[in-house]
Amino acid sequence: MHDYNYQSFPLDMDMPDFDAFPRALTVGERAPNGEVLDAATGQPVRLSSHWRSGPCVIEFGSIT
Amino acid sequence: MAAKYADQGVSFVFVYTREAHPGERYGHLASIEQKLQHAREMVMRDGLTRPMLVDDLEGSLHHAYGRLPNMTYVIGGGGRVLYRASWTDADNLGIVVDRVVQQRVERREGIVHRPFYAEWEPSVVVDRLTFVEVLLETVGPRAVTEFIEAVGHTQSEQAARPLRQWWQDQAPEKTEPGV
């Protein structure tokens with residue numbers, strides 16, 4: 001198992017995470033919430049603030 | 001897509017995670033300041049207009065949602081997961097968001113709805129040659145060699161062979177022994 005912020009792309013291509021994904025968090029469950037930083041301001045915000053008034057599409061990713 | 005649904009009550013956000021392919025230009029993340037910087041550069045590079053939100057350095061929310069490099073979720077206004085996908089595919093997502101919007105309209109008109117459960121496993125086109133070309137340009141040669149090695153290790157040498165050939169064709173001096 002590699003560190004979260006790995007220095008080298010893992011040889012297993014994160015396949016264990018892909019295999020586990022269907023069971024990780026299911027449709028119908030409450031969406032995990034937590035604090036994130038708004039990149040525009042550098043200020044913390046709750047992720048839930050973005051779905052408080054309606055549906056929210058969340059894409060996860062990075063520049064690489 | 002965010003612009004298309006902007007006035008229909010659906011918001012779009014991007015949550016920045018760990019670097020999926022650390023390399024010369026964008027190394028692995030070692031501080032939240034670095035993570036913020038990478039996120040801001042991505043906003044500028046890709047012209048993102050939706051909010052860019054940065055997960056903590058340990059990836060707490062990334063872990064909670066499944067820890068995959070490019071997932072997409074649709075969360076309903078009540079805070080429940082309506083849709084989740086292991087990859088972000090605009091066509092697939094568009095089908096879902098169109099339906100979510102339509103349901104909102106119908107509910108406002110008083111049409112009664114009852115949720116039902118469905119599962120679906122769509123597929124996406126795999127174009128690894130284009131992927132490594134972009135990876136070389138945006139991140140650097142180390143990210144490319146590591147990706148090719150991982151394809152050979154996890155899938156097969158047959159799957160990696162066209163990538164190795166492409167890599168050799170780029171510039172012989174970039175290739176490393178064994179790649």
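Two residues are said to be in contact if their C-beta atoms, placed from the backbone, lie within 7 Å. By that criterion, 46 residues of chain A are in contact with 72 residues of chain B. On the side of chain A that touches chain B, the elements that give two or more residues are α1 (15-24), β1 (35-38) and β3 (56-61) of chain A, and β3(A) gives the most, with six residues. By class, this side of chain A has 26 nonpolar, 13 polar and seven charged residues, where Ala, Val, Leu, Ile, Met, Phe, Trp, Tyr, Cys and Pro count as nonpolar, Asp, Glu, Lys and Arg as charged, and the others, Gly among them, as polar.

This is a predicted model, in which local features need pLDDT of at least 70 and side-chain atom pairs count only at pLDDT 80 or more, while totals for chains, interfaces and linings use all residues. Residues are numbered from 1 along each chain as its sequence is written, and chains are lettered from A and ligands numbered from 1 in the order in which they are written. Helices (H or I, at least four residues) and strands (E, at least two) are DSSP runs, numbered from the N terminus.

**Strands within and between the chains**

Two strands pair if DSSP finds at least two bridges between them, and the pairings described here are collected in the table.

| Strands | Sense | Bridges |
|---|---|---|
| β3(A) and β1(B) | parallel | six bridges |
| β1(B) and β2(B) | parallel | three bridges |
| β1(A) and β2(B) | antiparallel | two bridges |

Single bridge partners can be named for each of these pairings. V57(A) has F12(B) as its bridge partner in β1(B), Y16(B) has V54(B) as its partner in β2(B), and D38(A) has L53(B) as its partner in β2(B).

**Strand β1 of chain B**

A residue is buried if 20 or more other C-beta atoms lie within 10 Å of its own, exposed if 12 or fewer, and partly exposed in between, with C-beta atoms placed from the backbone. On this scale β1(B) is mostly covered, since six of its six residues are buried. In a regular strand the side chains alternate between the two faces of the sheet. Both faces of β1(B) are covered, with S11(B), V13(B) and V15(B) buried on one side and F12(B), F14(B) and Y16(B) buried on the other.

S11(B) lies in this strand, which covers residues 11-16 of chain B, and S11(B) counts as buried because 21 other C-beta atoms lie within 10 Å. Leaving aside its neighbours within four places in sequence, S11(B) is in contact with H50(A), G54(A) and C56(A). The C-alpha atoms of S11(B) and R50(B), which are 39 residues apart along the chain, are separated by 8.2 Å.

**Two residues before α1 of chain A**

M13(A) is found in the segment before α1 of chain A, and its phi is near 55 degrees, a positive value in a residue other than glycine. M13(A) is partly exposed because 17 other C-beta atoms lie within 10 Å. D14(A) is also placed in the segment before α1 of chain A, with a positive phi of about 60 degrees although D14(A) is not a glycine. With 19 other C-beta atoms within 10 Å, D14(A) is partly exposed.

**Domains and helices of chain B**

The domain assignment of chain B, whose bounds come from an automatic or database domain assignment, gives domain 1 (6-108) and domain 2 (128-174). The C-alpha centres of these domains of chain B lie 26 Å apart, and six residues of domain 1 are in contact with eight residues of domain 2.

The expected span of a helix is 1.5 Å times one less than its number of residues. For the 14 residues of α5(B) this should give 20 Å, and the end C-alpha atoms are 20 Å apart, which agrees. Helix α6 (residues 157-170) of chain B has 14 residues and reaches 19 Å from its first C-alpha to its last, close to the 20 Å expected. In α6(B), the residues A160(B), L163(B) and W167(B) are buried, and what covers the buried residues of α6(B) includes α4 (128-138) and α5 (141-154) of chain B. The buried residues of α5(B), including F147(B) and I148(B), pack against α4 and α6 of chain B.
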